[in-house]
Amino acid sequence: MKEKLKRFLTLFAVFFKIGAFTFGGGYAMIPLIEREVAEKYGWISSQDMLDIIAIAESTPGPIAINSATFVGYKTAGVIGAACATLGVVLPSFVIISVISYVLTQFQELKVVQFAFNGIRAGVLALIFKALWSMYKKCPKSLFAYIVMALSFVIAAFTNLNVIFIIIGAAIAGIITSLVMARRAAK
């Protein structure tokens with residue numbers, strides 16, 4: 001029982017730290033989540049992390065919260081999911097509550113505007129790092145590159161809901177796997 005309680009508290013603390021010190025939303029948190037849960041604690045493998053990110057991206061809600069919930073569940077069941085989710089959400093809730101109260105008083109100051117410009121640049125770098133990390137772990141084939149390019153073009157240049165893009169990519173993957181399995185069976 002004591003070991004379970006320690007695991008719950010550790011999950012909460014890890015995700016609290018990630019939630020408290022990461023700006024830019026879920027995509028900026030992905031490299032930190034992976035470093036903590038896969039590399040530092042070894043709770044899940046890097047391949048599991050890639051699967052969790054794919055599922056978290058495909059399900060409704062913020063990717064960081066979904067990832068925390070899935071990691072917590074995989075690590076310590078339902079209570080672990082609750083601890084990880086609360087840990088990642090609580091800092092944002094507190095920080096946003098305080099900032100929204102204070103920011104209205106200081107939003108016209110140039111130093112505040114410059115600070116947010118710097119934060120945006122840093123967040124962009126974290127998003128690129130998450131993209132690079134996922135790219136290195138994804139299968140590299142002509143099919144994967146075509147799906148990636150088509151998905152990007154459709155998402156960037158149309159108003160199509162990303163859910164349909166994800167569903168389309170999943171269907172393309174299923175069809176391609178079935179065709180390859182059929183060819184291998186011959």
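**Exercise 1.** Determine which helix gives the most residues to the lining of the largest cavity.

*Solution.* The model is predicted, with local features requiring pLDDT of at least 70 and side-chain atom pairs pLDDT 80 or more, while totals for chains, interfaces and linings use all residues. Residues are numbered from 1 along each chain as its sequence is written, and side-chain values use heavy atoms, without hydrogens and water.

Step 1. On a 1 Å grid over the protein atoms alone, a cavity is a set of points where a 1.4 Å probe fits but cannot get out, and lining residues have an atom within 4 Å of a point. One cavity of 30 Å³ or more is present; the largest cavity holds about 50 Å³, a volume being the space filled by probe spheres set on points joined across faces, edges and corners.

Step 2. Its lining consists of Ile 30, Pro 31, Glu 34, Met 49, Leu 50, Ile 53, Ala 130, Ser 133, Met 134 and Lys 137. Two or more of these residues come from each of α2 (26-40), α3 (46-58) and α5 (110-137), where helices are DSSP runs (H or I, at least four residues) numbered from the N terminus.

Step 3. With four residues, α5 gives the most.

**Exercise 2.** State whether Ser 133 is buried or exposed, and identify its side-chain partner.

*Solution.* Step 1. Ser 133 belongs to helix α5. Its relative accessible area is 12%, so Ser 133 is buried (under 20%; exposed is over 50%, partly exposed in between, with a 1.4 Å probe and protein chains only).

Step 1. The side chains of Ser 133 and Glu 34 form a polar contact of 3.1 Å (N or O atoms within 3.5 Å, one able to donate a hydrogen and the other to accept it; residues adjacent in sequence count only if both atoms are side-chain atoms).

Conventions
1 Å grid on protein atoms, 1.4 Å probe; cavity = no way out; pocket = protein on both sides within 12 Å on 5 of 7 lines; lining within 4 Å.
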